[in-house]
Amino acid sequence: MSNHGEPKKTSEISSKMRTFTGATGLAISIVGICWSIFQFYTSGFGLLAAMPQRAVTLMFTLVLSFMLYPMWKREKLSAYVKIRDGILIVLSVATCVNILLNYHLIAENLGISNPTDIVLGSILVVLVFEATRRTVGLPLVIAAGIFFVYALGGQYFPGILQHRGYPLDRVIEQMYLGVEGIFGVPLGVMTTYVFAFLLFGSFLEVTGGAKLFLDLAYSVTGALRGGPAKTAVASSALMGTISGSALANAVTTGTFTIPLMKSVGYQPAFAAGVEAATSTGGQLMPPIMGAAAFIMVELTGISYLNIIISAAIPSTLYYLSLYVMVHQEASRLGLRAIPKDKLPKFKHALKASVPLLIPVFAIIGLLLYGVTPLKACFYAIILVCLSSFLSKDTRISIPRIITAMVNTARNAVAVSAAVTICGVISGVVTLTGIGMKMSIMIIDLTKGDIFLTCLMVCICCLILGMGLPTTANYIVLAPIATPALIQLGLPVMTAHMFILYYGLLTEVTPPVALTAYTTAAIAGSPGMRSATYGFRIASAGFILPFMFVYAPGLLCLGTFWETIQPLSTAIIGIIALGSSITGYFLTKLNKVERIVLFITAICLCDPHLLSDLIGIAVFAIFYWRQYTQRKKELGGVVSKAKNL
């Protein structure tokens, strides 16, 4: 660490955090290391009681939020944390330590407050709002604020939304003195699942996981037509197994794949769109997925193993659709493959990756064996350290361990702040019963029609997701929308996975598409144009949730035939959809052909037998027509060459 007293500016792409050096930087690192050690120790040797465990996590979250994030975007950097931030840090520690010291008394009193609790609880609510504003932005703060006001003034709301209203001290009790508010399920998931998996990903990263997985993907796909784009697809899928973060995937793999895509002939905006779409899918890719998957475990009671099994087929179909898109675009542009002598050798790339693939497969094995996700992650982190010694390139060291712990804490701050303020929203939903009221309203509006209900929920997810992080989007909508879907007969898994998918896809949905704007900055392309390409490339992801609503077998819910039949037609439908959007099948397509192929894709994605038969018949005719046309074109090229 440098001894200079001036802080460094971080990249806008990577973070809006302040980076301090000197004594302040050392203090931040120590706090981050302590947080990581606490989480690692409790994941392996036993969690504290719910409220104390969550209070410690929240304390670290707030302290690092006020140390790392400035109050205002244009605030001048100094070598030290400002006095006002120091006051906020002291208040953060005081409010959380009160829970640690008095949680037995709080439990005995069943959440009944005294004046001190109300004062400290009010301060904590303000601190959580401010920390979220700094780390995540205003939209989530506004959403939580609306819910908070609703709890206080429900008597002024119209119709079914009306309730008697609650006094401020009762709302503060709900937020501060129990596990249904700030210290609720969202923060509980952060401290019992998410942080451990973030730590696991950081250990893999500092031992070279990102580069090795990229080399492995590049060695397999680089020699194919449009290879760099296919590398982006493969590497983001691999990175998704260790990070579960769209933005982390985009920054890690995009800095390598986007310049490569541009170098072989892809437009910068298209390259940015490809990376955004593939990075977003990392949150759907087992075994880690994103934080929302762990929230799902708590909300549904479904085991994490069953969730990742259900996620396997849809995530594979999503990445297949991306592969088709980039292949057809490369064919349309006539791009050539990269010479094999310029690619890493597969044998060498695989051998180099083995030390870091071992812990990834170990997590899957431990989950199958019945070990809890938290314990599996604990053992996997230890295994990363041990297996890293199999190669001198991956070998762990004390500096690397420190880097992993500090990076994890820094990366966890924004996620933890977001899920904490979602606890405010969850607390209001529980207190007022608005979740069930909204479900009744949705069903009344759609007259109980499954398609219309799903469409309304989809629109709500996408609109709300314009301002909320993926996890927050899911936490807010799950208690409101899933009861409506379940009431109409959908399995619990299907209802929650439906909401999860559309929450994730907001990352590439214009006008607000954070991941797409991040990759656009790397590519040097216009943000909105890149977001539009990302939206087009990820288009299959918008259809997939409706597919598994009507064919739960795609989530491995049903018999073997109920899985294979819709899966087979879905694969053909995805090929048709990708070709329709890119404008290329076996040859270039005109507008009429693209429309026909798009309708065919929709028929094939509908799991009903009649639509499948119609889709297969049209696709077969279309394929034969394209095949004969391509044969004629190739024949014409050959005869021209002979004449020359």
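## A walk around helix α12

Let's start in the middle of this predicted model: the buried residues of helix α12 pack against α7 (185–206), α13 (304–333), α16, α19 (470–487) and α20 (492–505). Which residues of α12 are the buried ones? They are Ala291, Ala292, Ala293, Phe294, Ile295, Met296, Val297 and Thr300. That's eight of the 10 residues in α12 (residues 291–300), so this helix is largely enclosed by the rest of the structure.

Now for the nonpolar core. The largest one holds 195 residues, and Phe183 and Phe498 touch the most other members. Which helix gives this core its largest share? It's α16, with 15 residues. Zoom in on Phe498 and skip its neighbours within four places in sequence: you'll find Phe498 in contact with Cys454, Val457, Cys458 and Leu485, and also with Pro545, Phe546, Phe548 and Val549.

Let's follow α16 to another partner. Helix α16 (residues 398–432) packs with helix α6 (residues 168–176) at an angle of about 120°, and their axes are 9 Å apart. Because of that angle, α6 counts as oblique to α16. The crossing of α6 past α16 is right-handed. On the α6 side, the contact is made by Arg170, Val171, Gln174 and Met175, while α16 brings Val424, Gly427, Val428, Thr430 and Leu431. What kinds of residues are these? Five are nonpolar, three are polar and one is charged.

Definitions and conventions:
Residues numbered from 1 in each chain as written. Predicted model: local features only at pLDDT ≥ 70, side-chain atom pairs only at ≥ 80, totals over all residues. Heavy atoms only, no water. Axes fitted to C-alpha atoms, helices over the stretch in contact; angles between N-to-C directions. Helix = DSSP H or I, 4+ residues; strand = E, 2+ residues; numbered from the N terminus. Parallel < 35°, antiparallel > 145°, perpendicular 65-115°, else oblique. Left-handed = near helix turned anticlockwise from the far one by under 90°. Contact = heavy atoms within 4.5 Å. Nonpolar A, V, L, I, M, F, W, Y, C, P; charged D, E, K, R; others polar. Core = buried A, V, L, I, M, F, W, Y, C linked by side-chain atoms within 4.5 Å. Buried < 20%, exposed > 50% of the residue type's maximum accessible area, 1.4 Å probe, protein only.
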